[in-house]
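Please look over the sequence and the model shown below before reading on.

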Amino acid sequence: DDAGRRTGMIPIPPETLARALAEFARIVGADNVWSGDTARTSYADAMAPRDPASYAPDAAVAPASTDEVQAIVRVAAELGVPLWPISRGKNFGYGGAAPHIPNVVMLDMVRMNRILECNVEMGYVVVEPGVSFDDLYHYLVDNDIPLWMSAPAHTWGSVLGNALERGVGYTPYGEHASKVCGMEVVTADGSLLRTGMGAMAGSQTWHGFPYGYGPSWDPAFMQSNFGVVTRMGLWLMPRPAQTLNLAMKLDRVEDLSPAIDVLRPLKLDGTVQANPSLGNVIRSLATRGPRSALWQGSGPMPADVLDAARQQAGVGHWNFGIRLFGDPDVNAINARKVRAAFAGKVQAEFEESEWTGGDLRGSGHPTPTLAALGVVDWLGGPGGHLTFSPVSAFSGAEAWKQYTLVRGMYEEAGFDYYGGFTAGQRYLNHITMILFNRNDQDMCDRANSLFTRLIEVGAQNGWGEYRTHTLFYDEVARSYDYNNGAMRRWNERVKDAVDPQGIIAPGKMGIWPRRYREAGE
Ligand code: ADP
């Protein structure tokens, strides 16, 4: 069934491309269309362990409005030119701005960067694809709007793009996909639709009631290639009066298991509403600088060296904070519950700190930062990383099993295990990163083959990735194999119905449209 489906190789004939680019220039102006080396290099994933030239796009076009997106898609559909939509292209660790395949035209929506609405009373914003977390931060903070946002580790990327990929943050609204409410979507024929209540012209509840009438489509436009999302409603959290952080360092590596089992009921009953993230020692050390400052050997850091470095840096084998957001009285009660639950279960104490207004650093509200990207230079630069992120059951035993197996595979391949478990309400996101030096071809090869093995071994254990790198879309899609890949075949039936030519992101998440499947046979 899979043989030949990953073709990705339907070249755009030069005269077709030239015609498309001329049409695009008419729509967006020649300054916003790129081809040749500019396009090929500008969208390269600078952090991947593969030669970016092997999957570079042919061209790029940057619209400024939904109307322009529609016009571009219509031209693309008429000429059979596949587009690869991106919002800001800062999807680092999962592919950056790069497409999955060559022979596409990037649909770069970075110029569509308006915050279209901020409804303080109802607690939501409506954003275009190009709005970054930094933009939203400044909009909220500079205007003293009493709403808080959630962001992933760095704030360069798109609010909309990250929610579409189901990114996670660390406030009570950290499960971004679940806070999306109402989208505007351009479909593969260039027509326009609004999801949920937005399907009714004049509705007042587009960004309040997420479901609408009939099937709900917001989730179907996430991690998919069924449409181009040109605006999105996103719920924001009312600014809390206080945040109270309970920080813990676990000096015993095996305390991961009990910590997770203690956390589960606290997440389940809502005592802890944010998503605590238990990060390992390498995750802490890598934020402080390259490994060469600690050790000059090759392969994974030996346990005794790591332990000495850990103690010198004053970090645990696992480090995390349980942050409570809200009214001080309520936080105080919940903090007591958290302390009581952990007492005697792990060998560590909480360190408490509170925020009650003013400077947002240390509050739990994200502040503009790129610091998280520095860790990629752990093994020297230019650094790269690949993020392997299986979902784990919310159980100490399961997390431990996943941790030991994944860590063992990292070390066998010669890498340090960099990882952590971010707690959802009923699951854990086990987010691990292979850090490598991109100038070192042997390291790149080992990173690629380790990733493939991680997907396979994960699947043998029933672990699926929550998201993956563009380079591995097909492998991960194949690992979702229940009933001979029934879900994947369903996705492709939908794709064939809405976009059989593959005008929008052919092959994204391993969903190939008919034209590409047939070309592969
Ligand atoms: P970010 O800048 O937040 O990291 P990206 O722009 O890199 O997000 O988007 C990540 C991926 O999500 C893209 O490769 C693309 O597959 C998909 N995507 C992003 N924006 C859109 C959109 N507006 N419509 C459809 N798919 C999108």
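Helix 5 makes the greatest contribution to the shell around the ligand, giving four residues; helices (H or I, at least four residues) and strands (E, at least two) are DSSP runs numbered from the N terminus. This is a predicted model, in which local features need pLDDT of at least 70 and side-chain atom pairs count only at pLDDT 80 or more, while totals for chains, interfaces and linings use all residues. Residues are numbered from 1 along each chain as its sequence is written.

The shell holds 21 residues, of which Ser87, Arg88, Asn91, Gly157 and Gly161 come nearest to the ligand, a residue being near a molecule or strand if its C-beta atom, placed from the backbone, lies within 6 Å of it. Two or more residues each are given by strand 3 (83-86), helix 5 (159-164) and strand 10 (228-235). By class, the shell has 10 nonpolar, seven polar and four charged residues, where Ala, Val, Leu, Ile, Met, Phe, Trp, Tyr, Cys and Pro count as nonpolar, Asp, Glu, Lys and Arg as charged, and the others, Gly among them, as polar. Domain 1 (14-110) and domain 2 (115-238) each supply at least three residues to the shell around the ligand, the domain bounds coming from an automatic or database domain assignment.

**The chain and its domains**

The protein chain contains 14 helices and 19 strands. Its radius of gyration is 23 Å, close to the 24 Å that the globule rule gives for 521 residues, so the chain is as compact as a globular protein of that length; the radius is taken over C-alpha atoms, and the rule is 2.2 Å times the number of residues to the power 0.38. Along the principal axes, the C-alpha atoms fill a box of roughly 70 × 55 × 45 Å. Of the 521 residues, 51% count as buried, which requires 20 or more other C-beta atoms within 10 Å of a residue's own, whereas 12 or fewer make a residue exposed and values in between partly exposed, with C-beta atoms placed from the backbone. Among contacts between residues at least 6 apart in sequence, 72% join residues at least 24 apart, two residues being in contact if their C-beta atoms, placed from the backbone, lie within 7 Å.

The domain assignment gives domain 1 (14-110), domain 2 (115-238) and domain 3 (242-473). Between domain 2 and domain 3 the C-alpha centres lie 27 Å apart, and the contact takes 22 residues from domain 2 and 20 residues from domain 3. On the side of domain 2 that touches domain 3, the largest share, four residues, comes from helix 4 (residues 133-142), and the residues of that side divide into 11 nonpolar, seven polar and four charged.

**Nonpolar cores**

The largest nonpolar core has 67 residues, among which Val61, Leu83, Val105 and Leu234 touch the most other members; such a core is a set of buried Ala, Val, Leu, Ile, Met, Phe, Trp, Tyr and Cys residues joined through C-beta atoms within 7 Å. Because domain 1 (14-110) and domain 2 (115-238) both give residues to this core, it lies between them. A second, separate core of 64 residues includes Leu250, Ile322, Val406 and Tyr417.

**Individual residues**

The table places four residues in the chain.

| Residue | Location |
|---|---|
| Asn275 | loop between helix 6 (256-268) and strand 13 (277-280) |
| Pro382 | loop between strand 15 (351-355) and strand 16 (383-388) |
| Arg438 | loop between strand 19 (427-437) and helix 11 (441-460) |
| Asn484 | helix 13 (residues 482-498) |

Asn275 counts as buried, with 22 C-beta neighbours inside 10 Å, and, leaving aside its neighbours within four places in sequence, Asn275 is in contact with Val168, Tyr170, Gly174, Thr422, Ala423 and Gly424.

Arg438 is likewise buried, with 21 other C-beta atoms within 10 Å. Apart from neighbours within four places in sequence, Arg438 has contacts with Pro49, Pro382, Gly383, Gly384 and Cys444; from Gly384, Arg438 is 54 residues away in sequence and 5.8 Å away in space, C-alpha to C-alpha. The peptide bond from Gly381 to Pro382 is cis, with omega near 0°.

Asn484 has a phi near 55°, a positive value in a residue other than glycine, and counts as exposed, with 8 C-beta neighbours inside 10 Å.
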